Amino acid sequence: MQFRKSSSQGRIFAILAATMLVMSSLWAGTTGKIAGRVYNSETGDPLPGANIIVTGTTLGTSSDQDGSYFIINVPPGTYTVKASFIGYEGINASNVRVTADRTTELVFAMNSSVIEGSEVTITAERPMIDKDLTGSMQVVSSDDLDRSWARSLPEIMELLSGVSDGHYRGGTHLENVYMLNNVSLNSGLLSDNYTGINISTIEEVIVLTGGYNAEYGSAQSAIVNVITKEAPKGIHATVVTRMRPAGKYHWGRNIYSRENYDWKFYDREFWADEKMVDGVRVRPPKRVQGLDPDSLLAAWQNIITPDPAQGDYAERVEYETEATIFGSLSDRLGFLISGRFKRGVNIFPQQFAYNPEHNIQMNLKYKLSNRINLSYTGLTGGYETSGTSASNFNSLENSEEMEWMGLPTISDPYDEVKYAPITNPWGGWPELRTVNSHTLKLTHAFSNKSFYEVWGNLLLDKMDRTDRWGYVSDDHWGDWNSDPMLRYYLIDIRDEDDNLISPKHYTDEFSSSVLNLGASYTSQVNNNNMVKAGFEYKSYDLDYYHMMSAIEGGDHWWLGNVYEGTPYEGAAYVQDKVEFEGLIVNAGLRLNFFNQNRDAAKNMFDPLAYEETTPGNIIPGIPGVPETKATEMQYAIGPRLGISHPINENTVLHFTYGHFYQRPTWHKMLGFPFFHHGDFVNEDGDTVIVADDDLWAGQQVLLSEWQGYQGNPLLGYAKTIQYEIGFDQNIGNMFRLDVTAFYKDASRQTEPSTALYSLEFQSDKALMAVNSGYADMRGIESSLSSNFNFPLNFHVAYDITYSNGGSLGFEDLWEDGSPGQRNGYGMWRRDWVDNHSVKTMVNLDFYENWGPSIAGIHPLENLHTNVYFEYRNGDEYTYHPPGDTTTTPNNRRWMPHFRTNLKVAKVVNIFGAKTEFSVEVRNLFNNKDIVLPWWDNDAMIRWHEKTELSEQDNKDGLTLEEARLPRHWYSGEPDIWGSYNNYTNPPRQLFFQLKVDI
């Protein structure tokens, strides 16, 4: 494959350069603003020329003729702000909280004083409502994280309104962008976001789900921006160590329990040819009939005794350690260094004992002068796992087949590969994932009103699912064992030299390298206008390799998806934040563009030119040299508008409107799935495996519908128009009520819905993603938070959403002249779905000297308790009992989801260090999520119609719920392993944690 550097790239750079000349400024997304007024407390007159500084920093300004002031480019955090004026008593306002992208209002009412230099210290009260909130924005601070049970970025997101299992406001998991200090962690190939950020490095997490400003793009549902800590003075350190005791953390018996069917059924009676089941003799394989039953039983039990790596999976302790040190080495140099290492333990057995994770972060900030800063932000992280992947690789985004496949973990006690997880025929090798991000940024402040930034970022994302250990050599591929005695269990098969023979057939790896360049210029034009503008440009270097070698229908087929590419994209934006006492407006415009930057085949039905009728064909059935055409630039312009109307100090109305565009994943545009097969049998009738360098020699090559999507050179932006209206209400300074209604109209969504039938090979069709999908999402998010001046406080969120969607367009396309149907136009529409969820957090915090006193000691002081509860309704489904002739669809609602988590922490001072001992309990009440067996009519009838236990149920010790579950296909017992969702609600887990802050 060849790729072409488009000449339009030069034009894009010229456009961006011109854009920077005409745009006036940008407010960086990693900083906030402090603004307010200074006046005489007795007369109310303004005090022009008063000095306001953020102590411990070089940030400061003076008030103008009206007494107004503003300080921009303030990193998020809690500060003390000092105001001074000759002849007046100075004021030190402590506990001033600054949040990125927000304005913190701070007013100074100064008293005249005859004592020069006199000062008074006040504690700034955090406002109950945010006056400049024009769109939905949730902020999780470091204090919130300290209280919470959440120990990862995805877990933090699940605490928030409008979020469910990584989906934001009903959108897909592909529609979100995660950022670190305003730089994207989305590698673009499969829209994977890196989320392994160390929790102890986080100052705050900003989550934007409605009407985010024009500076944010490439996301239709959410922007998640993680801002790391800074310290203007001193050295600070946090060390966290955490462990989960060994235990069985899935529902059902141990996967290798001797109470399982393979141990109990194949007993001595079976091997002695004496076993009767329901009056029918069950016999061992013919070749062993008549042999010594004790020897056969011993041999069988030896075979089904697992390797300790698998068998001892419930006896391993999980450990995690994280350490962060940050601060200032001098007035000019600030730093942050953090490392996290986890020895993860899968809840199910796997080939290797542990799933290791690591993440190392570093921030350096050097003041070249009082106005010029140079900073570096870097991380290197990753994991190796046989359990749950953080990639979208095993999803429909990748391919239909990979959505069915998974990593080599054993979740069923009767899995045919439970004794050889990574040499099974239908799984992948364990996943090794590494992510590296490096950002260099220069910030130059011209004055207190303006600054510019220039930055560059390199993001590297690599995944490896290959035989990294050399388990199986190229000449040792074979069929899985077909011995009737072992037909359900794949045991390691070896040759006479003890070399492993395996049916393994998946080899997968990909890499994405992203170079991101950007620049911005910032200025507070006046007290009322902050204008933003900037641009960014991203260049990609992609390499994707998927190969499946399987014996299918007697032939050895090779199915794959192999491609590389150097696409690029960029954006330019401008916006203005207008702030008046009763009106705040965020208005902006964003230009997006991308180019696949490749030469695509002119004939999309036969991009390989393997058909004799296609120009460029050389030998029929063999890839030729197709005619090509350069891909074109795709553009999208999105307006953004947000309005906040503070009616008074206690009530704020807000409204947003915006067009949000997202580029489809590069995989859908560059994919090249295929398969080829031929005569792999030699003269002796033996299977011959072709080496990689001879892979294509003399083989028929066709496109495949299972291995991915044939890249669509015309694919354009997906689009979502979003509206939002809501209000925030302060109720007696004791409660905050937020209510927001939203509507999302999604169109041009990418759907893998079009099958392409070529002129000759119509049975081997390709599948192409097109802009044919649509969705309608609407809902209300509401929350009530308390602000009591005593230890108990709470937050309750209730969300209700309604959504539907579908696809409209060509499902099938036939090449001109083919005998098939010319146009397969169709549409489908999903029924309306309504979902309700409740999330509740209760905090009981006994601070220093709180609680009862015993001999002057307060045993409950610094004791913190956090209780988290969540509820989600079950899915709608259709069920009509036997004899019911009605046909009403979706007439039932399945079982809801409940979960309660608990954290109890005690803080003590040990040698001057703040030391916290805590215990976390996940799923405190052992709630279960039952899987809806919609595919099994017998199971549906049993669940609905069975109302009492049978004699056999009582004999088996079943509860009524267990007796109603679907039966396991192999053992006939209730399928507890597959009927309870072990990922959304595993059994109760305890974590013990020690945290030390210095």
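Which strands and which helix do the buried residues of H10 pack against? They pack against strand E46 (876–877), strand E47 (892–893) and helix H12 (960–964), where contact means heavy atoms within 4.5 Å.

The model is predicted, so local features need pLDDT of at least 70 and side-chain atom pairs count only at pLDDT 80 or more, whereas totals for chains, interfaces and linings use all residues. Residues are numbered from 1 along each chain as its sequence is written, and side-chain values use heavy atoms, with hydrogens and water left out.

Helices (H or I, at least four residues) and strands (E, at least two) are DSSP runs numbered from the N terminus. Buried denotes under 20% relative accessible area and exposed over 50%, with partly exposed in between (1.4 Å probe, protein chains only).

| Helix | Residues | Buried residues |
|---|---|---|
| H10 | 937–945 | Ala939, Met940, Trp943, His944 |
| H6 | 293–303 | Pro293, Leu296, Leu297, Trp300 |

At the start of H10, a side-chain oxygen of Asp936 comes to within 3.1 Å of the backbone nitrogen of Asp938.

In H6, the buried residues fall within an arc of 100 degrees when seen down the axis, so they line one face of the helix. They pack against helix H4 (261–264) and helix H5 (268–271).

**Nonpolar cores**

A nonpolar core is a set of buried Ala, Val, Leu, Ile, Met, Phe, Trp, Tyr and Cys residues joined through side-chain atoms within 4.5 Å. The largest has 63 residues, of which Met157, Ile197 and Val205 touch the most other members. Strand E29 (residues 529–552) gives the most to this core, with 5 residues. Leaving aside residues up to four places away in sequence, Met157 touches Val163, Tyr168, Tyr178, Val205, Val207 and Val224. A second, separate core of 23 residues includes Tyr256, Trp263, Ile304 and Tyr313.

**A mixed sheet**

An open sheet is formed by 5 strands in the order E3-E2-E5-E6-E9, with mixed pairing; two strands pair if DSSP finds at least two bridges between them. Its edge strands, E3 (60–62) and E9 (119–123), each pair on one side only. Strand E2 (residues 51–54) is joined to E3 by 3 bridges, and the two run antiparallel. Within this pair, Asn51 stands opposite Ser62 in E3.

How values were computed
A polar contact is a pair of N or O atoms within 3.5 Å; within protein, one must be able to donate a hydrogen and the other to accept it, and residues adjacent in sequence count only if both atoms are side-chain atoms. The arc is that of the directions from the helix axis to the C-beta atoms.
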